[in-house]
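Welcome to a short tour of this protein. Have a look at the sequence and the model below, and then we will walk through a few places together.

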Amino acid sequence: MKKRFPLILLAVGILILLSGCVNLVQEVSINEDGSGMLRFALGVETASYAQFRERIPEEYQLENFFAAFSQDENITAVEQDQYIAGGRTWDSIELQVADFTQLFAEERRIGPITIALDQEDGNYIFSQIIDIPSSNLQIPGVNLMDLSGAGDTVRLMAPQIVNTTGFQPAAGVSEWEVPLSELLQGGEMIYLQAEYALEPFE
């Protein structure tokens with residue numbers, strides 16, 4: 001069985017070795033009935049991937065990282081994958097969600113990420129906090145690293161995005177691009193928020 005690796009926590013080892021060679025992608029896709037998909041992917045430049053696999057600790061396997069999510073009754077399926085795209089080797093995990101409001105009835109923490117989902121005036125408020133300073137992630141020498149090519153992309157897809165603090169390329173899409181230099185060297189908490197509706201935009 002192939003080993004899979006987690007995302008933000010993997011940056012501890014990856015960034016020490018690879019600096020700007022890593023990209024993180026998080027996708028939240030919500031359907032009109034409130035079900036959907038939660039996907040995390042980490043891409044490492046293929047030329048550096050062998051070194052990456054050799055150095056990452058055993059305890060950072062992807063299935064262990066998402067164990068709590070996988071056991072939630074609102075998770076109906078979990079799929080892990082590895083593929084090559086854009087010169088990078090990607091490890092990903094995709095979780096099928098029966099009901100996002102139930103899954104995030106209380107805020108959930110995944111390493112330095114906290115996700116919350118609230119209902120307000122018939123719409124829903126998606127919030128995500130990335131708090132590296134308050135987490136247990138300690139990366140020696142991070143301020144000396146060249147992270148100019150590394151980034152974290154968060155993408156929310158819903159029937160209708162009503163308002164967002166991110167970029168909105170389409171009526172049902174909100175995106176945030178967070179440079180890893182800002183996350184790991186800026187020393188500040190990153191706050192993302194979007195309001196969405198389950199009715200499509202007309």
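## A threonine and its neighbours

Let us begin with Thr-164, which is found in strand S9 (residues 160-164). Strands here are DSSP runs of E with at least two residues, helices are runs of H or I with at least four, and both are numbered from the N terminus. This is a predicted model, in which local features need pLDDT of at least 70, side-chain atom pairs count only at pLDDT 80 or more, and totals for chains, interfaces and linings use all residues. Residues are numbered from 1 along each chain as its sequence is written, and side-chain values use heavy atoms, with hydrogens and water left out.

Is Thr-164 buried or exposed? Its relative accessible area is 18%, so Thr-164 is buried (buried means under 20% relative accessible area, exposed over 50%, and partly exposed in between, with a 1.4 Å probe and protein chains only). The side chain of Thr-164 makes a polar contact with the side chain of Ser-174 at 2.6 Å, and it also reaches the backbone nitrogen of Gly-166 at 2.9 Å. A polar contact is a pair of N or O atoms within 3.5 Å; within protein, one must be able to donate a hydrogen and the other to accept it, and residues adjacent in sequence count only if both atoms are side-chain atoms. Leaving aside residues up to four places away in sequence, Thr-164 touches Ser-174, Trp-176, Gln-193 and Ala-194, where contact means heavy atoms within 4.5 Å.

## Aromatic pairs

The structure holds 4 aromatic pairs (rings of Phe, Tyr and Trp, the last by its six-membered ring, with centres within 6.5 Å; planes under 30 degrees apart count as stacked, over 60 as edge-to-face and the rest as tilted). One of them is stacked, because the rings of Tyr-124 and Tyr-196 have centres 5.4 Å apart and planes at 20 degrees. Tyr-124 sits in strand S7 (residues 123-130) and Tyr-196 in strand S12 (residues 190-197), so this pair links parts of the chain 72 residues apart. Tyr-124 is buried at 12% relative accessibility, and Tyr-196 is buried at 1%.

Phe-126 and Trp-176 form a tilted pair, with 6.3 Å from centre to centre and 35 degrees between the planes. Phe-126 lies in strand S7 and Trp-176 in strand S11 (residues 173-179), so the pair ties together parts that are 50 residues apart in sequence. Both Phe-126 and Trp-176 are buried.

## The whole protein

Stepping back, the protein has 6 helices and 12 strands. Of its 202 residues, 54% count as buried.
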